[in-house]
Amino acid sequence: MKVAYYSPLPPSRSGIADYSALLLPALRERIDVVTAQPGKRAPDADIALYHVGNDPDAHGWIVDALLQRRGVVVLHEYVLHHLIAGITIGRRKPRAYLDAMERELGVAGRLLGLGVLDNLLPLLWETQPERFPLSGVVLDAADGLIVHSNYVAQRARDAGYQGRLWRIPHPAWPMGAIEPAADVAGDPLIGCFGFLNMNKRIPQLLEAFASFRRNRPGARLLLAGGSGERFDVDRRLERLGLTDGVVRMDYVPEERMWSLMAACDVLVNLRYPTMGETSGSVIRALSLGRPLIVSDVGWFSELPDDAVLKIPVDEYEVAMLEAALALAVEHGSQLGAAARAYVEREHSLSKVADAYAAALEVAAGGDAVDDAVLLRIAEAAHDVGIDDVGALARAAIDSGIVR
Amino acid sequence: MRIAVCAPQVPFVRGGAELMADDLVRALRDRDHEAELVTMPFTWYPGTRVLDQAFLWRLVDLTESDGRPIDRVIATKFPAYCVRHPNKVAWVLHQFRQAYDYDRTELGQFSESPEDRATRRAVERLDGVALGEARRVFATSRNVADRLRRFNDIEAELLPHPPQTLDYRTAEQEGYVLSVNRLDRAKRIDLLIEAARSEPGLRVVIAGEGPDRERLERLASGLDGRVTFSGRVDDATLADLYARSLAVYYAPVDEDFGMVPYEAFLSAKPVLTTHDAGGPLEVVHDRETGLVVAPGAAPLAEACAYLGSHADEAKAWGLAGKSIAERVTWDACVDALLS
């Protein structure tokens, strides 16, 4: 059985490219995989697997291919408004954008879309994408859906997706010996990695860190990652008097990132609103056995309570975060051990690859198997005078014999 | 207690699994339980047929019979353990190995077609449902338990079963190596015949029937009658064959359990097996209860020659095995299954 695999791949700088670079070799040990490339002919295969994220540059061609040929979709995040806007408005196909808005919200959605097109409303994918995910375009074309969290699974079901669905955790990177970076230090050293923007709650983190540092003057915060044009980190640091306490780094390559993370005493990865995404940084932090603080939202809420500290997003967020920093420093070894055990238990690459192989095999041949079994059941039922085989079919479904 | 013992039946085939189910019913009755064997024919091919068979078991209602409740169901093999019952205990002798460790080997049955791959996955999913709903899951060997953990994430308790009831005894050994097994390729009886070809002093007695008999007989031709086929033998003859043997050969590919080592041990005979035999290695320990060698004709020939020329050691190993086999009793099994 052959799988056509659609995903951004390195050197593309995206989390999903990193994800596929990690997964592909393990998947190839279990199943025949051919990778598709943008602008090239679709590979011949029994089934296609589409990795979909929110970046139209990285994923636009993948959604194009999906709309040409249905297949299994890996929904890396639930909110796809930016992607859909990019492949509709961005390609001068405004009607397709309106269709997507209408699919989600009916006539009201279409009217909102018209407001955006006529510059009467702000760009929804920038201001409130979480309210208008537009994932229906992708769900409609999916013969099977792979998600990383119960949160996204539930949202897909709530949106009316009724097909096969598998929750497969994000795989963890195999851990080699990692030398902690020697050029950053703090007592303690707090780390925050990834693209820096409002969604990552950087203002709240800076405020909490400023308070925390009053009691721990040796503390330093490492902020590693690029920042958005409209997010001036340096100015914020100045205003909070944190210029000495914060180390800023732009994008850091993979190896350097591991080394920097290993040097940190506590890692922080906040998020709100969530787009239903998982975080490669979180998986890395857990794999390293570092105490970790996250926001209590979406996929992050599903992480085990003994392995991460979760901060509700409410009016006490900053105070809670400050307290959590102290707690994480104090109980770092227990949190770290629980984190490492959790990753080994739930996120092992081999288990994830096994789950992918199982999902793809069922997606490719499951319908034919179901049909064959149900046909024989129906024939036997008909022979004894039962033409409505619904009860028998339900028994088969209950027992897992057919879906 | 009213207990239904559920086991599939391959028409016209009788082996260890069938004996085990019969013996379990007998053991339960001996302990004053009402016990009945419930069985259905099992055909696992072609293609998706294996799922039909599971579905049949799923439709069987064993919650009561003749107006009286059935208190417990004990199921031993796929697909019998797909039966539904609130007090189901699975005592797993075999899963459907074609969907697991046999897959993509010469012993497998599923091709690379999407339909075959999905059928294999359906068996896996079905095992998860059927065994997941059992109140307890026992495995007859470590090999079976490991497979349940590896493929289905199910933790099974280890509970080996006693061998069939025979008039086990020990007589003076007459120098032959005995094979007791169904004659099919997975049992690797051909290796023993090849060993006889390279070891002129080796005599072999092969008891059992099966689809591989004709090929094995061809393989044994030209060995001056040193390899004899006894076919299916009655209980008395089997006990006698064990009693007079030098050692017993048992080396299937990664076998799940196999009663033969226990039967050999109860006759105080050492067992000759191979590193990759699976379940038997849980009781056949090299130079303690038998010999464990590489799966090839030459190492087996050498091992047979060693046993022939070291009769005292062979006898001592057989006696050591006997003390292991005597610890596996029906009392212990019934207690565990009904606890």
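In the predicted model, the C-alpha centres of domain 1 and domain 2 of chain B lie 29 Å apart. Domain 1 of chain B spans residues 2-159 and domain 2 of chain B spans residues 176-325, the bounds being taken from an automatic or database domain assignment. Eleven residues from domain 1 of chain B and eleven residues from domain 2 of chain B make up the contact between them, where two residues are in contact if their C-beta atoms, placed from the backbone, lie within 7 Å. On the side of domain 1 of chain B that touches domain 2 of chain B, β6 (88-94) and α4 (142-152) of chain B are the elements that give two or more residues. Of the elements on that side, α4(B) gives the most, with three residues. By class, the side of domain 1 of chain B that touches domain 2 of chain B divides into three nonpolar, six polar and two charged residues. Here Ala, Val, Leu, Ile, Met, Phe, Trp, Tyr, Cys and Pro count as nonpolar, Asp, Glu, Lys and Arg as charged, and the others, Gly among them, as polar. Helices (H or I, at least four residues) and strands (E, at least two) are DSSP runs, numbered from the N terminus.

Residues are numbered from 1 along each chain as its sequence is written, and chains are lettered from A and ligands numbered from 1 in the order in which they are written. Because the model is predicted, local features need pLDDT of at least 70 and side-chain atom pairs count only at pLDDT 80 or more, whereas totals for chains, interfaces and linings use all residues.

In chain A, the domain assignment gives domain 1 (2-78 + 135-167) and domain 2 (189-346). The centres of these two domains of chain A, taken over C-alpha atoms, are separated by 29 Å. Contact is made between 13 residues of domain 1 of chain A and eight residues of domain 2 of chain A. On the domain 1 side of this contact in chain A, α1 (15-28) and α7 (150-158) each supply at least two residues, and α7(A) gives the most, with four residues. That side of domain 1 of chain A has four nonpolar, six polar and three charged residues.

Chain A also contains an open sheet of six strands in the order β2-β1-β3-β4-β5-β6, with parallel pairing. Its edge strands, β2 (32-35) and β6 (164-167) of chain A, each pair on one side only. Neighbouring strands of this sheet are turned by 25 degrees against each other on average, direction ignored; axes are lines fitted to C-alpha atoms, for helices over the stretch in contact, and angles run from 0 to 180 degrees between N-to-C directions. Two strands pair if DSSP finds at least two bridges between them. Strand β1 (residues 2-6) and strand β3 (residues 47-52) of chain A pair in the parallel sense over four bridges, and Tyr5(A) stands opposite Leu49(A) in β3(A).

In chain B, strand β13 (residues 271-274) pairs with β14(B) in the parallel sense over four bridges, and Thr274(B) stands opposite Val293(B) in β14(B). Both faces of strand β14 (residues 290-293) of chain B are covered, with Gly290(B) and Val292(B) on one side and Leu291(B) and Val293(B) on the other all buried. A residue is buried if 20 or more other C-beta atoms lie within 10 Å of its own.

The contact between the chains takes 19 residues from chain A and 21 residues from chain B. On the side of chain A that touches chain B, α15 (349-383) and α16 (390-398) of chain A give two or more residues, and α15(A) gives the most, with twelve residues. This side of chain A divides into twelve nonpolar, four polar and three charged residues.

Definitions and conventions
Buried ≥ 20, exposed ≤ 12 C-beta atoms within 10 Å, placed from the backbone.
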